[in-house]
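Q: Could you walk me through how the contacts in this structure are counted and what the terms rest on?

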Amino acid sequence: MASSVISSSPFVCKSSKKDLGLSSFPKSSQISVNRCQKKSISRKIVSVMAPQRSSSTTGSVKTGMTMTEKILAKASEKSQVVPGDNIWVNVDVLMTHDVCGPGAFGIFKREFGEKAKVWDPEKIVVIPDHYIFTTDKRANRNVDIMREHCREQNIKYFYDITDLGDFRANPDYKGVCHVALAQEGHCRPGEVLLGTDSHTCTAGAFGQFATGIGNTDAGFVLGTGKILLKVPPTMRFILDGEMPSYLQAKDLILQIIGEISVAGATYKTMEFSGTTIESLTMEERMTLCNMVVEAGGKNGVIPPDATTFNYVENRTSVPFEPVYSDGNASFVADYRFDVSKLEPVVAKPHSPDNRALARECKDVKIDRVYIGSCTGGKTEDFVAAAKLFHASGKKVKVPTFLVPATQKVWMDVYALPVPGSGGKTCAQIFEEAGCDTPTSPSCGACLGGPADTYARLNEPQVCVSTTNRNFPGRMGHKEGQIYLASPYTAAASALTGHVTDPREFLQ
Amino acid sequence: MAASLQSANPTFSRTLASPSRSSFAPFRSPFVRFDTASASFNYKPLVSREASSAFVTRSAAEPQERKTFHGLCYVVGDNIDTDQIIPAEFLTLVPSNPEEYEKLGSYALIGLPAAYKERFVQPGETKTKYSIIIGGENFGCGSSREHAPVCLGAAGAKAVVAQSYARIFFRNSVATGEIYPLDSEVRVCDECKTGDVATVELREGDSILINHTTGKEYKLKPIGDAGPVIDAGGIFAYARKAGMIPSAAA
């Protein structure tokens with residue numbers, strides 16, 4: 001029987017239902033082996049047995065569910081769902097922004113009628129964030145279109161901006177949607193959040209089901225509050241071990257994507273657990289879940305805990321119900337990482353799975369550094385960069401662009417003291433290091449955008465960036481080269497003008 | 001009732017779904033109404049299209065027979081992401097606006113690197129001369145922008161034949177009815193060249209791609225439940241046709 005559990009793959013043991021309960025390996029055998037630097041066959045991950053079922057003495061045992069299955073079961077008013085089920089799901093929150101909102105509302109009107117009303121004006125969150133600080137007329141018009149729709153539909157949460165000259169004159173304006181959703185209390189454990197943006201999966205960090213959809217599906221949700229989804233199978237990623245001080249969540253997710261490839265989780269859930277995950281802050285967990293879509297994943301999810309509850313309860317009074325994977329839930333694959341043995345990594349051009357150790361790329365000369373976006377422009381990302389700059393006492397050698405994700409992050413950059421710096425703020429340290437002044441919060445140049453977007457890659461330059469994609473043309477220029485990296489690695493690279501392992505400055 | 005819902009299957013599994021396992025929860029939406037308990041539910045048959053007649057986008061167009069596509073191939077490689085299909089600077093165009101829909105077509109695949117010598121759409125044109133796009137693995141990865149399948153459809157392409165797709169691109173292709181995303185069993189992007197003359201035949205069971213230039217024929221995987229949705233012109237048109245949502249917008 002044990003042989004059925006052993007996978008032919010060196011990494012993964014696919015578990016099927018009949019394998020369950022046959023725990024022929026003791027737990028102590030599930031130890032991952034060490035790191036390796038090669039891209040091809042890594043020994044960092046070893047195959048793991050099928051998840052163990054809790055022993056039951058009764059005849060009929062209800063099949064266990066993963067936390068994603070439980071959230072979807074509840075949202076579809078069922079007691080049980082299994083991967084592959086097509087179910088109608090009640091949506092708790094639908095988020096849209098200035099790029100896809102006009103199209104989604106356009107489809108809603110076309111299909112449900114000019115006078116139609118949305119299913120629930122309090123469950124729709126509209127966040128202008130993509131193309132804001134631009135003179136592009138169509139981009140400006142799209143924000144105006146959203147304002148009209150929100151007024152007409154009485155949308156409760158519309159984070160508007162009208163004065164483009166000074167974002168601080170717009171108290172409602174937030175900035176990057178995925179960070180704003182969390183900061184404004186719209187991310188809650190156990191709920192279903194959909195958004196017209198592929199990085200909506202970020203909110204899985206809060207133990208909820210969150211995924212990106214297109215305009216047409218969003219138009220349907222606007223009218224009905226429902227969506228037909230297929231229940232995804234869950235891949236489990238168990239990250240154990242103490243996280244070295246020079247590593248960040250970005251290193252972990254780039255490590256994982258490098259392991260499973262940009263299509264390794266297509267149609268699947270990526271569930272993250274283990275002692276390392278438990279030690280991560282909410283912002284770091286968001287970084288991890290943000291990039292599951294870069295592996296093709298449908299959603300990423302992390303079991304909620306005290307860290308989650310503290311964050312959420314400080315931002316919303318809406319009650320929520322956390323759920324957790326059952327001990328006897330089925331996972332299609334288990335991956336284990338010993339985080340204490342990992343090193344800082346980058347994703348080389350032109351794919352997020354083109355992984356290399358940062359120190360292996362030390363000869364790569366760079367033209368600029370970009371710190372920003374939903375995955376790399378949060379408060380802690382800037383604090384990390386500032387810590388490294390402060391520790392080095394040096395100045396940057398290449399232009400270094402800083403784009404806080406939201407207005408709240410911007411204020412933190414200017415107000416929070418950086419630990420160990422004697423009370424200096426990030427902004428002071430950045431100025432001393434010779435960085436560009438932190439700019440107005442938005443998605444910025446992460447996705448290129450209109451030609452006048454701040455820090456857009458308009459030349460075929462080499463950029464180290466804390467963003468999440470590096471496909472050709474992503475930041476503006478088709479021949480530009482983007483190295484994805486953690487804020488530590490980005491800051492270290494800014495100081496040397498080459499891709500640089502942050503240990504050069506942190507140890 | 002359950003059977004009709006099962007066939008609706010808008011999550012677009014490429015093979016037929018297993019028999020219904022569940023009853024659907026009654027809807028409380030003003031727009032979508034199924035009530036599994038109620039036998040008196042009145043299925044509306046086909047749709048009156050007055051509400052959408054002003055639109056030219058495909059999802060609002062009359063369903064057409066598009067079971068065989070014949071034309072020139074445009075061949076690309078692996079991991080063609082949404083930034084290469086439609087760069088972010090063009091996302092200011094709103095696909096549900098008919099004029100901007102046309103314009104999106106003119107920018108289809110303009111983000112491909114310079115190594116692609118032939119442009120998919122010639123400068124100054126809004127339509128492509130290539131009706132079949134041939135790709136490798138993970139076509140359409142990256143962003144959830146629906147502009148991606150829309151711009152291909154708006155340019156006049158009928159089908160993509162690739163080894164595999166990113167999830168959101170596949171779903172958006174079906175939901176909009178803009179383009180058929182078909183899976184090849186072999187790596188056709190290595191066997192076809194841009195400009196080859198090809199035919200895609202969608203048939204029950206064994207759909208095929210014929211490359212007339214090389215004389216070779218390739219089996220395609222069945223498109224399954226997604227086919228009828230695209231045939232109908234997208235998820236809304238299909239849902240009306242199937243009686244899942246009322247036919248006329250108020």
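Q: How many residues of chain B are in contact with chain A, and what makes two residues a contact?
A: Two residues are in contact if their C-beta atoms, placed from the backbone, lie within 7 Å, and in this predicted model 56 residues of chain B are in contact with 59 residues of chain A. Residues are numbered from 1 along each chain as its sequence is written, while chains are lettered from A and ligands numbered from 1 in the order in which they are written. Because the model is predicted, local features need pLDDT of at least 70 and side-chain atom pairs count only at pLDDT 80 or more, whereas totals for chains, interfaces and linings use all residues.

Q: Which elements give two or more residues to the side of chain B that touches chain A?
A: They are α2 (82-85), α5 (167-176) and α7 (235-241) of chain B, where helices (H or I, at least four residues) and strands (E, at least two) are DSSP runs, numbered from the N terminus. With 6 residues, α5(B) gives the most to that side.

Q: What makes 26 residues of that side of chain B nonpolar?
A: Ala, Val, Leu, Ile, Met, Phe, Trp, Tyr, Cys and Pro count as nonpolar, Asp, Glu, Lys and Arg as charged, and the others, Gly among them, as polar; by these classes the side of chain B that touches chain A divides into 26 nonpolar, 21 polar and 9 charged residues.

Q: Where do the bounds of domain 2 of chain A lie?
A: Domain 2 of chain A covers 86-230, with bounds that come from an automatic or database domain assignment.
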